[in-house]
Amino acid sequence: MKRVLIITYYWPPSGGSGVQRWLKMSKYLPENDWQPVIYTTENAEYPIVDTSLEKDVAPEAEVVRRPIVEPYTLYKKFLGIKKDDTIKVGFASESKKSGWKEKLSVWIRGNCFIPDARCWWVKPSVRYLKEYLAAHPVDAIISTGPPHSMHLIAMKLKEATGLPWIADFRDPWTQIDFYDELHLTHWADRKQHKLEYQVLTKADKVVTVSWDWARGLGRLGNRNVQVIQNGYDWECLPDEERAPLSEAFTLTHLGVIGPARNAPVLWKALQELKNELDGFGEALRIKLVGQVDQSVIQDLETCGLTGNTEIINHVPHDDVRRFQEASQVLLLLVNNAPNAKGILTGKLYEYLASARPILAIGPEDGDAARLLKDTQAGIAVDFDDKKKMKDAVKDLYERYLRHDLPDNPSAGIECYSRKALAKDYAALLEKTFNSHA
């Protein structure tokens with residue numbers, strides 16, 4: 001079995017979306033003759049903790065943990081946040097209005113920590129891993145970002161060892177949705193692009209999760225970016241083992257909703273349907289499972305939907321499935337950002353496997369819309385098309401009243417299982433290794 005060093009910041013007990021891709025890929029790589037060697041932190045500031053994920057760590061995996069120094073202790077003191085409180089992910093905020101301290105903190109984050117707040121971990125990691133690899137050789141390296149400091153560690157190791165290296169982008173770098181919110185100086189922006197270009201051109205292979213993002217990375221420096229999507233990691237259950245459907249007309253969203261993922265036009269559409277459709281207001285339940293930005297809560301209140309809404313801060317990933325299976329409709333909110341066409345969140349694949357209809361708010365010509373069309377799993381409606389939103393929700397509601405909403409697995413989703421995707425990644429590893437030999 002060949003050995004691959006996987007450099008990742010997110011690893012159990014981290015929860016949330018950032019950990020899923022490489023926890024699951026590494027789980028199935030040993031079946032394809034690659035032993036994962038995980039290099040990660042031992043004391044990270046994770047926004048979400050989920051110890052239930054530890055059971056998915058492959059028995060064959062060798063996990064190497066090293067201490068990391070992060071600036072969040074100073075950040076918390078500056079903002080008056082309690083030491084034991086977590087930092088919300090995705091620019092989600094608990095306050096109704098950000099003050100000068102929050103704005104200054106974001107400026108410092110963007111201009112003093114390049115490429116990100118984990119940049120202090122690069123040099124000590126390279127120093128340690130050079131010695132480690134001399135004693136425990138591997139056959140290839142994979143780095144996964146964000147945080148993109150992980151790619152800088154891998155780049156330095158490749159320069160020192162000559163090992164084949166795959167740079168895996170779960171999200172873009174300078175094209176990520178919140179890049180403009182960092183308020184970068186000209187110098188900082190130029191530095192970010194320079195580092196990004198070095199990674200894109202020095203890696204033996206670049207991988208990302210969607211077609212639009214692959215084209216974007218290609219324009220920035222690597223003309224041969226491969227797409228290996230995210231996926232789901234559960235078997236479709238027989239009806240008697242599935243969670244019972246909610247009696248209410250539930251619209252359920254799972255995951256973080258930051259400001260860019262808020263859907264004010266949808267909330268307005270639901271408000272109007274409450275006034276126009278008999279019984280709709282009584283039947284409607286909006287379930288938001290995960291961290292929710294204050295702007296979302298305010299918009300729901302303005303639209304008179306507070307009484308229809310339940311916010312559940314976080315559930316272990318093991319419990320996510322029952323929320324999906326119990327919901328009449330699953331809600332997918334795509335970030336309203338310049339890179340929206342390429343956003344294919346990991347939750348979408350789990351939505352597909354849950355066999356419930358999906359209503360997506362996002363670009364109708366985006367990759368999420370393409371996937372929904374290919375699998376016949378739902379509909380995508382553009383961010384500002386209130387009429388189409390109302391028509392889509394009304395159609396779903398009428399089918400709910402007739403007990404006519406689909407409950408079969410989406411068409412052709414087997415290729416999106418984590419097991420199948422790990423096989424694809426192992427094939428890429430093998431090809432990269434052989435071409436480098």
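## The crossing of H4 and H5

In this predicted model, helix H4 crosses helix H5 in a right-handed sense, where a crossing counts as right-handed if the near helix is turned clockwise from the far one by less than a right angle, and as left-handed if anticlockwise. Helices here are DSSP runs of H or I with at least four residues, strands are runs of E with at least two, and both are numbered from the N terminus. Two packed helices are described by the angle between their axes and the distance between the axes. For H4 and H5 the angle is about 40 degrees and the axes lie 9 Å apart; the axes are lines fitted to C-alpha atoms, for helices over the stretch in contact, and angles run from 0 to 180 degrees between N-to-C directions. H4 and H5 are therefore oblique to each other, given that angles under 35 degrees count as roughly parallel, over 145 as roughly antiparallel, 65 to 115 as roughly perpendicular and the rest as oblique.

On the H4 side, the contact is made by Val122, Ser125, Val126, Leu129, Lys130 and Leu133, which meet Ser149, Leu152, Ile153, Lys156, Leu157, Ala160 and Thr161 of H5, with contact meaning heavy atoms within 4.5 Å. Sorted by class, this contact has 8 nonpolar, 3 polar and 2 charged residues; Ala, Val, Leu, Ile, Met, Phe, Trp, Tyr, Cys and Pro count as nonpolar, Asp, Glu, Lys and Arg as charged, and the others, Gly among them, as polar.

## The second largest pocket

The second largest pocket has a volume of about 320 Å³. A pocket is an open set of points on a 1 Å grid over the protein atoms alone, where a 1.4 Å probe fits and protein lies on both sides within 12 Å along at least five of seven lines, and its lining residues have an atom within 4 Å of a point. Grid points are joined across faces, edges and corners, and the volume is the space filled by probe spheres set on the points.

Of the 13 lining residues, Ile114, Val122, Leu152, Lys191 and Leu195 are the closest to the centre of this pocket. Helix H4 (122-135), helix H5 (149-161) and helix H6 (186-202) are the elements that each give two or more residues to the lining, and H6 provides the largest share, 4 residues. The lining comprises 9 nonpolar, 1 polar and 3 charged residues.

## Two further helix pairs

Helix H8 (residues 264-276) and helix H10 (residues 294-302) have axes that come within 9 Å and cross at roughly 25 degrees, which makes H8 roughly parallel to H10. Their crossing is right-handed. Pro264, Trp267 and Gln271 of H8 meet Val296, Asp299, Leu300 and Thr302 of H10, and the residues of this contact divide into 4 nonpolar, 2 polar and 1 charged.

Helix H12 (residues 346-354) packs with helix H13 (residues 367-375) at an angle of about 15 degrees, their axes being 12 Å apart, so that H12 is roughly parallel to H13. H12 passes H13 in a right-handed crossing. In this pair, Leu348, Tyr349 and Leu352 of H12 meet Ala368, Leu371, Leu372 and Thr375 of H13, a contact with 6 nonpolar, 1 polar and no charged residues.

## Backbone features in loops

Asp33, in the loop between helix H1 (20-28) and strand S2 (34-41), has a phi near 70 degrees, a positive value in a residue other than glycine.

## Basis of the values

Residues are numbered from 1 along each chain as its sequence is written, and side-chain values use heavy atoms, with hydrogens and water left out. As the model is predicted, local features need pLDDT of at least 70 and side-chain atom pairs count only at pLDDT 80 or more, whereas totals for chains, interfaces and linings use all residues.
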